[in-house]
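These notebook entries record what I looked up in the structure shown below.

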Amino acid sequence: AIDAAGRAVVVWSQFNGSGYVVMGRVFDGSAWSGPVLLDPGETGGSPALAVNASGQGIVVWKRDSGELRAAPVDMTTGFVGSASLRAAGSSSGMLR
């Protein structure tokens, strides 16, 4: 995703030898950050990303356990941790 200032963020799933993990990088307008492991706690995949014109966004993905996770991202400061949106085994909807 690219914001109005030309900054960008990318997210992807990557095999780490035992499962898939969610990774991300941010382009601040002059250089790419190093790869960031967004969820060191458990394997998961299928990240989805949304960013507004001001460079603020959110990444969501589903862990292998079924838990739905999210990580905010700001294209000037990078990724800011992650939090649970839905516990494993919950029936509160689907990730699309």
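Entry 1. I looked up the neighbours of valine 11, leaving aside residues up to four places away in sequence. Valine 11 touches Met23, Gly24, Leu38, Pro47, Leu49, Val59 and Phe79, where contact means heavy atoms within 4.5 Å.

Before going on, I noted the basis of the values. The model is predicted, so I note that local features need pLDDT of at least 70 and side-chain atom pairs pLDDT 80 or more, whereas totals for chains, interfaces and linings use all residues. Residues are numbered from 1 along each chain as its sequence is written, and side-chain values use heavy atoms, with hydrogens and water left out.

Entry 2. I then asked which residues make up the largest nonpolar core. The eleven are Val9, Val11, Val22, Val26, Leu38, Val59, Trp61, Ala71, Val73, Met75 and Phe79. Such a core is a set of buried Ala, Val, Leu, Ile, Met, Phe, Trp, Tyr and Cys residues joined through side-chain atoms within 4.5 Å; buried means under 20% relative accessible area, exposed over 50%, and partly exposed in between, with a 1.4 Å probe and protein chains only. β1, β2, β5 (56-63) and β6 (68-74) each give two or more residues to this core. Strands are DSSP runs of E, at least two residues long, numbered from the N terminus.

Entry 3. I traced the open sheet of three strands, which has the order β1-β2-β3 with antiparallel pairing. β1 (8-15) and β3 (36-37) are the edge strands with a single partner each, so one side of each has no neighbour in the sheet. Two strands pair if DSSP finds at least two bridges between them. I found eight bridges between β1 and β2 (residues 20-27), with valine 10 opposite arginine 25. Two bridges join β2 to β3, and here methionine 23 stands opposite leucine 37. Six of the eight residues of β2 are buried, so the strand is largely enclosed by the rest of the structure.

Entry 4. I searched the whole structure for salt bridges, and there are four; each needs a side-chain nitrogen of Lys or Arg within 4 Å of a carboxyl oxygen of Asp or Glu. Aspartate 3 meets arginine 7 at 2.6 Å, N to O, and both are buried. Aspartate 39 meets arginine 63 at 2.7 Å; this pair links distant parts of the chain, 24 residues apart. Arginine 63 also bridges to glutamate 67 at 2.8 Å. I recorded Asp39, Arg63, Glu67 and Arg69 as linked in a network of salt bridges.

Definitions and conventions. Helices (H or I, at least four residues) and strands (E, at least two) are DSSP runs, numbered from the N terminus.
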